[in-house]
Amino acid sequence: MYNVLQLFLKYGAHLLFIGLQMFCFSLIINYNKSQREILLNSSNVYVAKLAAKSENLSSYFNLQNINDSLMRENATLIENLILLDYATDIIPESDSIYSKYNLISSTICNNTIHLRNNHITLCKGSREGIRPNMGVISSNKGIVGIVRNVSTNYAHVMSILNSQTRISCAIKGKNGTGNLVWKNLDPLRMTLESIPKHEEVSIGDTIITSGYSTMFPKGILVGKVERFIIEPGSNSFSITVKLFNKLSNIKYAYVVQNRFAAEQISLEAEVKYE
């Protein structure tokens, strides 16, 4: 109580002035039609502007949800394209053996392209179902890498721009498969090796994944044949492939989840050690 009295004693004149101002203002508004209308119109304008600002702010914070929704829809479309490559005339049912691939969308937390062995970090991990040795593809065209390690919320991916990368690929519409490797430190080009020299190769041919692994489905677009040679004494082509995707620009990726990968790997391991 003592403090309240001290406050009034110290600022009483100011408080009295503010109170009188408010009283006068209310008299003006209540007994003058034109001033009241001006106040109401001005209030409506400011309330509308405030509502618009609030809506814009809400939309901004909702962008992440919209983006996640679009990525899930995109993953479904890519899954259907993969299914069409395996099917003849219809899209198989969801429990069909053909629909063995699911895609897990993720944003990219980190990415290097200037090292001899480049790496990528995805912003999703084992909690989302990502496991080591899963393939990673681009949201547009092309392959990105292979998952090597995972934590609860992150996944470490060996980029295709890595000296240890070897991915089984083929020439679309033609015979023969080979290994896609990265040799020349050019982030836009890789080399396809081991395509037998008796196979037909042309500039502009499309390179796709062969499907000879549990990591990537058959038919994922990789790039185009830019040039090719046969080294002296070699029985196979050395093909320079210009990649469809620029890894320096990617911000989103899809992890390929093969439902039957463990079964295939287990069976092949038994045969290998017989």
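**Entry 1: the model.** I am working from a predicted model.

**Entry 2: disulfides.** I looked for cysteine sulfur pairs first, with the cut-off at 2.5 Å. The count came to 1 disulfide. The partners are Cys109 and Cys123, and their sulfur atoms sit 1.8 Å apart. Since I keep having to remind myself: a disulfide is a covalent bond between the sulfur atoms of two cysteines.

**Entry 3: what the bond ties together.** I then checked where the two partners lie. Cys109 is in strand 1, residues 101–111, while Cys123 is in the loop between strand 2 (117–122) and strand 3 (135–138), so the bond links parts that are 14 residues apart in sequence.

**Entry 4: accessibility of the cysteines.** Buried or exposed, or in between? I went through them one by one. Cys109 comes out partly exposed at 39% relative accessibility. Its disulfide partner Cys123 is partly exposed too, with a relative accessible area of 27%. I also looked up Cys24, which is partly exposed at 41%. Cys169 has a relative accessible area of 0%, and buried means under 20%, so I put Cys169 down as buried.

**Entry 5: the nonpolar patch.** Which residues make the nonpolar surface patch? I noted Val4, Leu7, Phe8, Tyr11, Leu15, Phe17, Ile18 and Met22, and the patch covers about 800 Å². Met22 is located in helix 1, residues 2–31. Its relative accessible area is 56%, and the cut-off for exposed is over 50%, so Met22 goes down as exposed.

Terms used. Residues are numbered from 1 along each chain as its sequence is written. This is a predicted model: local features need pLDDT of at least 70, side-chain atom pairs count only at pLDDT 80 or more; totals for chains, interfaces and linings use all residues. Side-chain values use heavy atoms; hydrogens and water are left out. Helices (H or I, at least four residues) and strands (E, at least two) are DSSP runs, numbered from the N terminus. Buried means under 20% relative accessible area, exposed over 50%, partly exposed in between (1.4 Å probe, protein chains only). Patches are made of residues with over 30% relative accessible area and no salt bridge: like charges are joined within 9 Å, nonpolar side chains (Val, Leu, Ile, Met, Phe, Trp, Tyr) within 5 Å. Accessible areas come from the Shrake-Rupley method with a 1.4 Å probe; for residues, only the protein chains shown count as cover. A salt bridge is a side-chain nitrogen of Lys or Arg within 4 Å of a carboxyl oxygen of Asp or Glu.
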